[in-house]
Amino acid sequence: MAQITAKADHLIHPMDVSLYALYSCRSAFERGPLIEEAVRTACIWYIHAGQRVWQNCKIERVYGDDDDPPPRRRFNMEKWRLWKDGLKAAQLEFPRESTQEMIRTALEEIAKAERGE
């Protein structure tokens with residue numbers, strides 16, 4: 001899903017399923033203690049579609065209709081920072097080398113997105 005989203009020509013393209021990135025990052029970093037598999041899933045989104053996640057946060061993309069009950073599902077820069085901090089915390093939490101590699105790669109993709117690469 002992350003790779004397909006990254007290949008979408010533009011935001012809100014039918015192939016752009018960024019909502020799943022939102023769900024993955026929310027599950028990994030906003031809901032209680034860190035769980036390694038949830039962090040790894042979020043990493044996949046950053047590794048393959050980090051630029052798209054960044055774009056969604058920059059434009060504060062919102063999902064749902066205006067008449068949907070709060071809270072609405074939304075990206076924003078506050079979440080970007082929260083999720084990035086969550087990845088950094090996960091580096092200290094999970095010693096498995098494959099998880100460490102995924103986190104390192106995800107943080108590299110985050111840095112590229114922030115630099116506009």
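Guide: Let's start with S24, which sits in helix α2. Helices (H or I, at least four residues) and strands (E, at least two) are DSSP runs, numbered from the N terminus. Before we go on: this is a predicted model, where local features need pLDDT of at least 70, side-chain atom pairs count only at pLDDT 80 or more, and totals for chains, interfaces and linings use all residues. Residues are numbered from 1 along each chain as its sequence is written, and side-chain values use heavy atoms, with hydrogens and water left out.

Visitor: Okay. Is S24 buried or exposed?
Guide: Buried, because its relative accessible area is 14%. Buried means under 20% relative accessible area, exposed over 50%, and partly exposed in between (1.4 Å probe, protein chains only).

Visitor: And what does S24 touch?
Guide: Not counting residues up to four places away in sequence, S24 touches A38, T41, A42 and W45. Contact here means heavy atoms within 4.5 Å.

Visitor: Which other residues of α2 are buried?
Guide: Besides S24, the buried residues of α2 are L19, A21, L22, C25, A28 and F29. They pack against α3, β1, β2 and α4.

Visitor: Let me back up. How far can I trust the model?
Guide: The protein chain averages a pLDDT of 92, and 95% of the residues score at least 70. pLDDT is the predictor's confidence in each residue, from 0 to 100. Confidence is lowest in strand β1 (residues 62-63), with a mean of 85, and highest in helix α5 (residues 97-115), at 98.

Visitor: How many helices and strands are there?
Guide: Five helices and two strands. From the N terminus, the order is α-α-α-β-β-α-α.

Visitor: What about the overall shape?
Guide: The C-alpha atoms fill a box of roughly 45 × 30 × 25 Å along the principal axes. With 117 residues, a compact globule would have a radius of gyration near 13 Å, and this chain has 14 Å, which agrees. That radius is taken over C-alpha atoms, and the globule rule is 2.2 Å times the number of residues to the power 0.38. Buried residues make up 42% of the 117.

Visitor: Switching topic: where is T5?
Guide: T5 lies in helix α1 (residues 2-7). T5 counts as buried because its relative accessibility is 1%. Its side chain reaches the backbone oxygen of M1 at 2.9 Å. Leaving aside neighbours within four places in sequence, T5 is in contact with M15, D16, V17, S18, W45 and R52.

Visitor: D16 is on that list. Where is D16 found?
Guide: In the loop between α1 and α2. D16 also counts as buried, because its relative accessibility is 7%. Its contacts beyond four places in sequence include T5, H10, R52 and R61.

Visitor: Which side chain does D16 make a polar contact with?
Guide: The side chain of R52, at 3.2 Å. A polar contact is a pair of N or O atoms within 3.5 Å; within protein, one must be able to donate a hydrogen and the other to accept it, and residues adjacent in sequence count only if both atoms are side-chain atoms.

Visitor: Let's do α4. What span should it have?
Guide: At 1.5 Å a residue, the 17 residues of helix α4 (residues 77-93) should span 24 Å, and the end C-alpha atoms are 24 Å apart, which agrees. The expected span is 1.5 Å times one less than the number of residues in the helix. At the start of α4, a side-chain oxygen of N76 comes to within 3.1 Å of the backbone nitrogen of E78.

Visitor: Which residues of α4 are buried, and what covers them?
Guide: The buried ones are M77, K79, W80, W83, G86, L87 and A90. Their cover includes α2 (19-29), α3 (36-59), β2 (73-74) and α5.

Visitor: And what covers the buried residues of α5?
Guide: The cover there includes α3 and α4. Among the buried residues of α5 are T99, M102, I103 and L107. Just after α5, G116 takes a positive phi of about 85°.

Visitor: Which residue other than glycine has a positive phi?
Guide: E60 is one, with phi near 55°. Most residues other than glycine have a negative phi. E60 lies in the loop between α3 and β1, and with a relative accessible area of 47% E60 is partly exposed.
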